[in-house]
Every structure is written in C-alpha cells, then in structure tokens.
Amino acid sequence: MSEEPLLYVYVVGFDGNGLDRVTSLTAGVDGGALRPVSSHRGLTALVSAVPRERFGEQGLAAQLEDLGRLEAVARAHHTVVDTAFAETTVLPMRLATVYRDEARVAAVLEERHAAFDALLRMLDGHVELGVKVYAVPQAAPAPAEPPEGEAGSPGRAYLQRRRAARRSTQDSYRAAAATAEAAARLASAIASARSVHRPQQGEWSGGRGENVANEAYLVPRSEAERFRAEVGALAGDTPGVALEVTGPWAPYSFATEAATGGAAV
C-alpha cells in the first residue's frame, strides 16, 4: 500500500480573490489537480498532491540533483504561480514547498498569518520588473600606421593593440557602472521596493556582455509602462553599455518572508 501523498504549495493569497478560478486553468507538478486550502482568517493556499516517495526529504534531494527533473518541476511551479498572479495578488512560495496534509497547510496559514497578510497587502497592485546592465567591450581601433619609411616593430604593434583593448574594456565597465547607478536612482524613485541580486555569469548572462547590475523592483501596476520607458532609455546610444528591463513578473524577489520549502513539515 502506497503512502499518503504530500501537498505541494505554490502560492498564498486572500480568500475570494480568484484563486479558485486557477484550479480550472492549469495543472500542478506532474499534472496534479490544483485545489485551495483555506485558513480561518481569510488566507488560501493553492496546492496539489505529490508522491511522498519523491517529495519527502530523501526523494526531493534526489530530484533536485537531476537537472532534467528539476527543470520539469520548476516549469510546472512557475506556470501555476504566473497563472495565479494573472488572476489576483499572490505570494509565490519557494520551489518544492511541501507539507504532510491539508491540516498542516491550514496550520501554517494560521501560524504565519501576520507575515503573509502584511506581504500580500504590500504586494497588492504591484508587479516585479527587473533591470540588468551589461558592459559590452567594443572592438579596439587599429593602431595608427607608422609614418612612411618607419617600419613598426611587430612586438610594439602587439602591445599597442593590447593597451587599446584594455582601455576599451575599462571604458565599457566605467560606462556600465555609471549607467547602473543612474538606473538605480531613477528606478528607486518610481518603485516601492528594490532587491539587489548577484550579477549573472556565463550562460546566464545570455551572451549580452558582462552583467554588472542585476536588480528587481516592486512597481505599482499603474507605473509599469513609465518605469520601462524611462529606465529603458538610460542606456541610449552609450557605447559599451546594454540595459535590459524585464517583466512584469510575479513578485518572487519580494516574497522571501513567505518562502519555506524543502522536506515535508
């Protein structure tokens, strides 16, 4: 006889604000049916059943080490979060947040009611927008040809190219840092909150250059287009700088107080 399943929690929201509709719009991890679990004080969690053997502590650790499986779980998780966010204000929970049964989910909603309620009220009417600034070193100009009759040394020409390339890279980083500072000032004046993330590296930077700033902003919905237009215009035609405004997203960066996860509790 198989063990009773665990409950995977995707989001928390206010009762009566549209979470019930999400259950008919998408499915959870492994195609599991979504259902709401409510507390006695006006909060609802959106959950689906998952196998205990795969989402208990040991099984979950094994899944998180399997990149293909991790990607599938993450894709399903974010689909539910994004669908719920399109309907109402929600707190996205951390990937693979699981509890043993409905009673435990309802108990957590009660125990953390004050924190959840405050965060939901803060996030209401807001979206998350990202700002990324990249240094994009430009090709260094070729060194000037020596005067006629004065043959240049190959070694000297090589050193000139190296110095020119180094100056180009340094100029790009200085320009990107200045743009990042200006973007942070302007974005912070529009946004309600700011979250600074570690710059992305390697393949995560998408080949756009060296990521020197990676930030998220909690922006009122009514100001989202203004934010995109004004912050996005900062890079302009500055050589050696690329700026990207992403989103709108569900407010993952501002729901950390709600995030619990890992093994069943």
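Student: What makes Y8 and F55 count as buried or exposed in this model?

Tutor: Both Y8 and F55 are buried in this predicted model, which means that each has under 20% relative accessible area.

Student: Why are Y8 and F55 called an aromatic pair?

Tutor: Their ring centres are 6.0 Å apart, and the cut-off is within 6.5 Å, so Y8 and F55 qualify as a pair.

Student: Which parts does the pair of Y8 and F55 tie together?

Tutor: Y8 belongs to strand β1 (residues 6-14) and F55 to helix α2 (residues 52-55), so the contact links parts 47 residues apart in sequence.

Student: Let's turn to the largest pocket. How many residues line it, and which are closest to its centre?

Tutor: The largest pocket, with a volume of about 370 Å³, is lined by 14 residues, and E128, H197, W249, Y252 and S253 are the closest to its centre.

Student: Which element gives the most to that lining?

Tutor: That is β6, with four residues. The elements giving two or more are α4 (67-87), β6 (126-135), β8 (210-220) and β9 (241-249).

Student: How is the lining of the largest pocket made up by class?

Tutor: There are four nonpolar, six polar and four charged residues in the lining.

How values were computed:
Residues numbered from 1 in each chain as written. Predicted model: local features only at pLDDT ≥ 70, side-chain atom pairs only at ≥ 80, totals over all residues. Heavy atoms only, no water. 1 Å grid on protein atoms, 1.4 Å probe; cavity = no way out; pocket = protein on both sides within 12 Å on 5 of 7 lines; lining within 4 Å. Points joined across faces, edges and corners; volume = space filled by probe spheres on them. Nonpolar A, V, L, I, M, F, W, Y, C, P; charged D, E, K, R; others polar. Phe/Tyr/Trp six-rings, centres within 6.5 Å; stacked < 30°, edge-to-face > 60°. Buried < 20%, exposed > 50% of the residue type's maximum accessible area, 1.4 Å probe, protein only.
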